[in-house]
Amino acid sequence: MKVSLNQKILSRNEECAQKNKAFFKENNVLCLNVISSPGSGKTTTISRTIKDLHDQIKIGVIEGDIKTDTDAQKIRAAGAEAVQIETQGACHLSAEQVYNALKALEAEKMDVVIIENVGNLVCPSAFDLGEALRVILLSVPEGDDKPIKYPGTFAEADVVLINKIDLMNYIDFNLERVLADIRVVNPDAKIFQVSATTGEGMEHWYDWLMEKKKG
Ligand SMILES: Nc1nc2c(ncn2[C@@H]2O[C@H](COP(=O)(O)OP(=O)(O)OP(=O)(O)O)[C@@H](O)[C@H]2O)c(=O)[nH]1
Ligand SMILES: [Mg+2]
């Protein structure tokens, strides 16, 4: 019974994800789904990306949180339009929520739509939102064992941003191990080491993003 209900939820989500995909294709919008644990630096990374690329691409953001619109406010302060979804307890965004937010955002006017999923390294990875690319963040203070503990999430990544590298000298974090562990579950993912606060390494992420936008 439980299994069939889960399948029903996932297949309903997949139907709507296909609608989102069609919307992005029709409007030539590149969509990214950003997933990580709470506090890894999703909003900080997106805000810095908006500021640094504002004269090259128009970015719109859909924010997912259980409660509050504080992340949407931070995105607007960084200079981009943002729509906040409050999931009221759900640990991930659904394709239907994103579909409704796309209208509110007027996403057809954007070059890139970035979806910041609810902070959670497990649930969001099961829900396709119709995105073209999936971005997984892992921050140094979370520890170097996360790729082997959450292999399903890392396996789905197009790009992994290892964030907060400015803290590397203060924390026991084996970078070589992390790189090797990601490679085991996902040999094709691009991996960039960045600091969203100091800006270190962000240019490689920007180059990758701009290449993807060009197609
Ligand atoms: N030292 C350091 N701190 C960072 C970096 N990136 C983000 N932070 C800090 O980490 C904290 C959390 O950052 P957020 O961007 O809010 O993280 P988030 O992933 O959006 O969090 P949720 O939306 O709650 O899941 C803030 O205090 C940031 O200033 C970084 O590269 N280095
Ligand atoms: Mg956030």
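What follows is a chat about the terms and what stands behind them.

Guide: A word on the source: this is a predicted model, in which local features need pLDDT of at least 70 and side-chain atom pairs count only at pLDDT 80 or more, while totals for chains, interfaces and linings use all residues. Residues are numbered from 1 along each chain as its sequence is written, and chains are lettered from A and ligands numbered from 1 in the order in which they are written.

Visitor: What makes a residue part of the shell around ligand 1, and how many residues are there?
Guide: The residue's C-beta atom, placed from the backbone, has to lie within 6 Å of the ligand. For ligand 1 that gives 17 residues, with Gly-41, Lys-42, Thr-43, Thr-44 and Gly-119 the closest. Helix α2 (residues 42-53) supplies the largest share, three residues.

Visitor: How do you know what is a helix or a strand?
Guide: They are DSSP runs, numbered from the N terminus: helices are H or I with at least four residues, strands are E with at least two.

Visitor: Which classes of residue does the shell around ligand 1 have?
Guide: There are three nonpolar, 10 polar and four charged residues. Ala, Val, Leu, Ile, Met, Phe, Trp, Tyr, Cys and Pro count as nonpolar, Asp, Glu, Lys and Arg as charged, and the others, Gly among them, as polar.

Visitor: Why are α2 and α3 called roughly parallel?
Guide: Angles under 35 degrees count as roughly parallel, over 145 as roughly antiparallel, 65 to 115 as roughly perpendicular and the rest as oblique. Helix α2 packs against helix α3 (residues 70-78) at about 20°, with the axes 9 Å apart. That angle is under 35 degrees, so α2 is roughly parallel to α3. The axes are lines fitted to C-alpha atoms over the stretch in contact, and angles run from 0 to 180 degrees between N-to-C directions.

Visitor: Which residues meet there, and what makes two residues a contact?
Guide: Their C-beta atoms, placed from the backbone, must lie within 7 Å. From α2 come Thr-43, Ile-46, Ser-47, Ile-50 and Lys-51, and from α3 come Asp-71, Lys-74, Ile-75 and Ala-78. By class, this contact has four nonpolar, two polar and three charged residues.

Visitor: Why is Glu-116 called buried?
Guide: A residue is buried if 20 or more other C-beta atoms, placed from the backbone, lie within 10 Å of its own, exposed if 12 or fewer, and partly exposed in between. Glu-116 has 28 such neighbours, so it counts as buried. Glu-116 sits in strand β4, and its contacts beyond four places in sequence include Val-34, Lys-42, Thr-43 and Asp-71.

Visitor: How do you know whether Glu-106 and Lys-164 are buried or exposed?
Guide: Glu-106 has 11 other C-beta atoms within 10 Å, so it is exposed. Lys-164 has 26, so it is buried. Neither is a glycine, yet Glu-106 has a positive phi of about 55° and Lys-164 a positive phi of about 65°. Glu-106 lies in the loop between α4 (95-105) and β4 (112-116), and Lys-164 in the loop between β6 (159-163) and α7 (175-185).
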